[in-house]
Every structure is written in C-alpha cells, then in structure tokens.
Amino acid sequence: MEVISIERSTYEELLTSFNSFVDKGLGDWLDNQDVCQILNISPRTLQTLRDNGTLSYSQINRKVYYKPEDVERILYIVDGRDKNGKMCNIKTNSL
C-alpha cells in the first residue's frame, strides 16, 4: 500500500471543492425521505422499488438519490396499489 501525504490546507481545499461539486450536481435530486413523502410510501417499499428496478437511483457513499423525473414516472404505479399493497389493473382500476 502506498501512502501519500499532503498538506492540511491542500486537503481542506480539495474537500471544499468536492462538497461544492456534490451540492451543485445533486441540487435537484431527491433523497429517500423526499421520495417517501412524495409517493406516500414506507422506506421498505422504496427499497423494494429500487431492488426490482422500478425506480432508478444513484448512490454516493451510503446516501441514495433519485432524479425527480424518475420519481414522477412511477407515480402511476404507486397510485395503482390498493390498501393491501396489491397492484390494481391500470386499465380497469380493479384488482
């Protein structure tokens, strides 16, 4: 393993630049809490939507982000559920 040493001021400048980049790049993106509130779903349901590929996402470290247009795209899917979580037939609105 190679160890690289840099001055503290250089490290802090790099960290500031990175945080600025993340803030600009993720300004419009939504986090888990935002998406759960918008879709009126639980965090577990949100996890299922990620796992089955229904909702795309990006992850930085351990934090997950979603594009607003991707969340908007699945609104009809989530609205098509009955109270037991079963998917309704979208054309007839019946189970």
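I take buried to mean under 20% relative accessible area, exposed over 50%, and partly exposed in between, with a 1.4 Å probe and protein chains only.

**Entry 1: ground rules.** I am working on a predicted model, in which local features need pLDDT of at least 70, side-chain atom pairs count only at pLDDT 80 or more, and totals for chains, interfaces and linings use all residues. Residues are numbered from 1 along each chain as its sequence is written, and side-chain values use heavy atoms, with hydrogens and water left out.

**Entry 2: C36.** I looked up C36 and found it buried, at a relative accessible area of 12%. C36 sits in helix α2, residues 32–39. Helices here are DSSP runs of H or I with at least four residues, strands are runs of E with at least two, and both are numbered from the N terminus. I then listed the contacts of C36, contact meaning heavy atoms within 4.5 Å. Not counting residues up to four places away in sequence, C36 touches I41, S42, P43 and L46. For L46 I also noted the C-alpha to C-alpha distance from C36, which is 6.9 Å across 10 residues of sequence.

**Entry 3: the chain.** I counted five helices and three strands in the protein chain. Read from the N terminus, the order is α-β-α-α-β-β-α-α. The chain has 95 residues, and 24% of them count as buried. Among contacts with a separation of 6 or more, 41% are between residues 24 or more positions apart.

**Entry 4: strand pairing.** I count two strands as paired if DSSP finds at least two bridges between them. Strand β1 runs antiparallel to β3, and two bridges join them. L30 has Y66 as its bridge partner in β3. Strand β2, residues 58–60, also pairs with β3 in the antiparallel sense, over three bridges. I60 stands opposite K63 in β3. The β2–β3 hairpin has two residues between its strands, and N61 there takes a positive phi near 55°.

**Entry 5: salt bridges.** How many salt bridges does the structure hold? I found two, taking a salt bridge as a side-chain nitrogen of Lys or Arg within 4 Å of a carboxyl oxygen of Asp or Glu.

E12 is partly exposed at 39% relative accessible area, while R8 counts as exposed at 67%.

The other pair I checked is K63 with D31, at 3.4 Å from N to O. K63 lies in strand β3 (residues 63–66) and D31 in strand β1 (residues 30–31), so this pair ties together parts that are 32 residues apart in sequence. K63 is partly exposed, at 38% relative accessibility.

**Entry 6: D31 again.** Leaving aside neighbours within four places in sequence, I find D31 in contact with K63, V64 and Y66. The side chains of D31 and K63 are also joined by a polar contact of 3.4 Å. For that term I require a pair of N or O atoms within 3.5 Å; within protein, one must be able to donate a hydrogen and the other to accept it, and residues adjacent in sequence count only if both atoms are side-chain atoms.
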